[in-house]
Amino acid sequence: MLIGREAERRVIEQLVAGARVGAAGALLVTGEPGIGKTSLLDEAAELAGGLRILRARGAEAERELPFAALLQLLRPALSSLDRIPGPQQSALASALALRPQTATPADRFAVGAATLSLICRYAEDAPLALIIDDAHLLDRPSAEALLFAARRLVADPIVMLIAARAHEPHPFEADLPRLELNGITLEAAQQLVQHLPGDLVEQLYQTVAGNPLALLELADDPDRLHRTPPGVPLPVPAMLAEAFVSRANRLSQDARTALLVSAIDDCELGAVARACAELGVDVVVLEEAEAAGLVAIREGEVVWRHPLVRSAIYTSADPAKRRTAHRAVARTTPDGDRRAWHLSEAVLGADDEVAAGLVVAAEHAASRGAHAVAATAYERAGRLSQGLQDRALRLVAAGEAAWSAGLAERAEALLADALSLQPPLPVKLRAHEIRGDIEVKCGSPRRARDILVAAAAESTDPEVATGLLVDAVAACFRLCDAPAGLEIAHEIDRLRPAIDRPGPRIMSMLASGVAKVLAGSGGTDQIRAAIGLEPSDELDRDRRRQVWMVLAALFLRETGTGRTLLQQAMLERREEVALGTLPGLLFVLARDDATTDRWADAETSYDEGIRLSRETGQTTELAMNLAGLAWLWSHQGRSECQEVAAECLRICAEQEIHLGTLWSLFALGDLELGRGDPAAALPQYERLVDVLAEYGLKDPDLSPAPELVEVYLRLGRVEDAKRVAGEHSALAEAKGQPWSLARAARARGVAGDSEEDFHLALSRHEVTLDAFELARTRLAYGAWLRRVRRRVDARTQLRLAVEGFDALGALGWADQAAAELKATGETARRRVPSTADELTPQERQIAVLLADGHSIRDAAARLFLSPKTVEYHLRKVYTKLGIHSRTELAEQLGRRT
């Protein structure tokens with residue numbers, strides 16, 4: 001019977017009840033050792049009668065075994081493995097070593113998605129409770145997979161209960177609902193140790209602050225209490241560990257040896273017996289430890305009374321005896337990876353043979369997607385390597401694995417250690433390439449640029465140097481460093497003739513072209529030529545750089561050039577992209593949609609990109625997606641734009657992501673101009689102009705000049721408007737792209753009362769996809785026609801402007817166009833807002849996939865959600881739209897089934 005936990009029990013009861021009716025819940029239970037976390041989980045298992053139950057418990061001995069805890073938890077559910085999508089089957093089977101390893105290492109997030117799919121499938125037959133104890137001792141890959149799943153449980157008959165020791169680092173402490181256990185009440189303590197006198201119980205209670213396990217331990221040794229100064233609370237974990245060690249020390253030497261072997265190996269009795277035999281000890285002596293209440297032998301396993309017992313036995317043992325025990329376990333284990341780990345604990349000083357074994361273990365872990373474990377194995381192998389070159393190579397591998405695991409700070413430290421050893425040039429360049437990638441995504445683009453350019457200058461291989469410089473262009477793009485980007489472009493062009501393989505050649509042309517566009521030095525022909533080349537399989541396999549194909553196309557802002565095919569290819573490829581690189585891909589796809597009439601799709605991609613950027617810790621991609629969303633919302637006149645832009649500006653200021661700053665300032669200016677407040681828009685645009693000048697950016701597409709022309713004219717600054725229009729036209733003519741030329745022509749038409757320029761702008765818009773800019777030009781032209789008293793002609797343009805803005809949801813701009821139309825004597829026929837406009841980005845994302853013919857399970861797999869969650873959102877979509885079928889859904893969204 002659980003004593004003193006009535007309130008906590010009610011919390012668990014509510015979560016279990018929710019799971020019974022399809023409302024998922026997750027809870028992290030924390031507290032100090034002995035506080036009753038395990039007892040509460042045991043009670044939860046009793047309360048979950050009728051539910052399927054999957055249980056796992058972390059163990060110190062298995063923290064470096066890839067997905068050990070996940071296999072322990074999911075083993076009963078593996079019968080449902082063939083019922084989840086194929087790619088997820090492969091990822092999970094590979095992670096759990098159920099099938100031969102594939103050539104491509106598993107992505108850590110793919111394993112999390114597969115875990116979610118499997119538990120949801122398993123819960124279809126009956127509600128499910130997942131109970132994980134000692135989560136602070138789980139191997140990190142297992143913990144990350146479970147956290148990934150826990151974050152996405154919404155409408156599933158699943159409850160996930162996780163217990164972890166307080167103040168111990170683990171992934172679950174991030175953002176799960178938490179229940180913190182404190183000491184039980186004095187009344188409960190009196191029930192727990194009722195055989196003691198009341199005054200002694202009260203003294204015990206005060207000493208251990210109501211910790212149940214400590215109460216029971218001290219109740220068996222009241223003399224210990226008498227040796228404690230009155231009123232002084234004991235550090236409970238240390239006191240408990242000391243008590244357990246004291247109890248173990250009263251055992252025979254052989255029993256203590258058997259306990260030590262049990263503490264360092266898995267708890268399977270046969271494995272313990274074999275290792276004990278190596279040391280000349282009969283495993284039967286564990287009966288002494290069982291009699292002392294330290295362990296129990298159940299179902300062929302050694303079960304510890306409490307994890308503190310295990311850690312106390314191990315840490316209190318003589319170091320030489322620990323190494324001897326590790327050697328004995330290593331000699332008797334059939335698993336090569338386990339053997340490597342145990343041998344690494346048994347050696348003193350460098351040992352190349354042991355280091356080589358750890359490298360193999362690291363490779364196995366990485367191939368299964370357990371990159372954090374691989375990082376530890378590579379690092380330990382490096383520390384044990386005698387030769388400095390081997391040590392550096394393995395530390396770089398450790399840094400790369402740590403970065404793949406999302407551990408940026410650890411990766412940086414490992415790479416710095418490797419570089420301090422003066423490694424061979426190829427190893428050194430690989431270290432700098434990884435450092436540059438970390439800085440681009442999580443740190444400073446400026447530092448990334450400097451690291452990558454310096455590394456490229458050292459390289460003697462044109463292809464390697466080009467790859468580094470391509471990454472440096474990406475850094476310059478975010479940094480808005482046009483002069484440096486142009487220098488890099490010239491160096492890439494110099495290296496290209498020495499490159500034979502098509503993938504690197506295409507990449508070099510795209511990156512060089514983008515850098516030149518940013519600097520106002522051509523580049524568009526180069527991008528167009530690269531996009532027109534035959535697709536490259538090796539480029540497709542380069543997860544970090546494949547988004548360049550679409551990103552570069554965006555700089556053309558034109559129809560044709562294979563743009564539609566490229567975007568479709570990237571949409572189809574998103575299932576193959578590692579989740580860690582998906583935020584960057586989503587940003588590019590959203591930016592592309594935002595420059596057409598697919599604003600709802602753009603918002604959906606930005607929203608997903610923001611969520612995944614936060615989850616993967618990629619602050620640069622977070623800033624870029626926030627900036628894009630702010631820009632989109634500003635055109636819709638949504639006040640939330642200011643909050644999103646403010647967050648983006650804060651991140652960009654801290655990390656020098658100047659491109660995000662530019663777009664945020666553009667968004668804030670556009671928001672005010674769309675509201676009809678040119679005076680409020682002016683400081684945002686002028687600040688943006690100053691930033692562009694500061695960084696030497698001459699790409700007219702980043703300039704707010706056409707907007708400034710309108711602002712200056714509304715504020716009576718006619719000469720300023722004409723000056724800005726002329727300067728901007730020169731930049732647009734130099735670039736020569738339709739989008740730039742259309743905006744420049746509109747600015748000249750507004751500033752110079754030139755109908756010819758308005759006609760030219762409309763003709764340029766015909767070969768672009770930007771519905772918003774076309775509507776802006778129609779509004780400006782219609783307003784000009786009204787002012788020159790050509791009301792009939794004005795009505796044609798203004799009607800089209802109203803329709804265009806309304807269709808996009810740019811209601812502030814639609815109101816301005818409607819007001820101009822009314823001034824001509826005609827009232828605008830406004831679009832009735834669709835209920836589809838009320839869908840959240842995630843609801844729309846699900847609705848579009850299903851309207852396009854995808855199944856619920858397919859949509860769930862693509863969006864890293866459970867099928868029940870997709871069904872939950874679909875019900876909300878149907879309710880909002882007032883429909884009942886997929887056919888009606890497709891009609892509402894304008895999709896073809």
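Predicted model: local features only at pLDDT ≥ 70, side-chain atom pairs only at ≥ 80, totals over all residues.
Just after helix H45, Phe 864 takes a positive phi of about 60°. The buried residues are Ile 856, Ala 859, Ala 860, Ala 861, Arg 862 and Leu 863.

Next come the nonpolar cores. The largest has 91 residues. Those with the most contacts inside this core are Tyr 606, Leu 659, Leu 662, Leu 697, Leu 702, Val 709 and Phe 805. Helix H33, residues 619-635, gives the core its largest share, ten residues.

Leaving aside residues up to four places away in sequence, Phe 805 touches Phe 772, Ala 775, Arg 776 and Leu 779, among others.

On the H22 side the contact is made by Glu 439, Val 440, Lys 441 and Cys 442. On the H33 side it is made by Thr 619, Thr 620 and Glu 621. By class, this contact has two nonpolar, two polar and three charged residues.

Is Arg 478 buried or exposed? At 12% relative accessibility, under the 20% cut-off, Arg 478 counts as buried. Not counting residues up to four places away in sequence, Arg 478 touches Val 440, Pro 445, Thr 620, Glu 621 and Met 624, among others. Glu 656, Ile 657, His 658 and Leu 659 are also touched by Arg 478. Leu 659 is one of the residues with the most contacts inside the largest core.

A further helix pair is H17, residues 336-346, and H19, residues 371-384. They pack at an angle of about 40°, with their axes 11 Å apart. That angle makes H17 oblique to H19. The crossing is left-handed. H17 contributes Trp 341, Ser 344 and Glu 345 to the contact. H19 contributes Val 373, Thr 376, Ala 377, Arg 380 and Leu 384. By class, the contact of H17 with H19 has four nonpolar, two polar and two charged residues.

Note on methods
Residues numbered from 1 in each chain as written. Heavy atoms only, no water. Core = buried A, V, L, I, M, F, W, Y, C linked by side-chain atoms within 4.5 Å. Buried < 20%, exposed > 50% of the residue type's maximum accessible area, 1.4 Å probe, protein only. Helix = DSSP H or I, 4+ residues; strand = E, 2+ residues; numbered from the N terminus. Contact = heavy atoms within 4.5 Å. Axes fitted to C-alpha atoms, helices over the stretch in contact; angles between N-to-C directions. Parallel < 35°, antiparallel > 145°, perpendicular 65-115°, else oblique. Left-handed = near helix turned anticlockwise from the far one by under 90°. Nonpolar A, V, L, I, M, F, W, Y, C, P; charged D, E, K, R; others polar.
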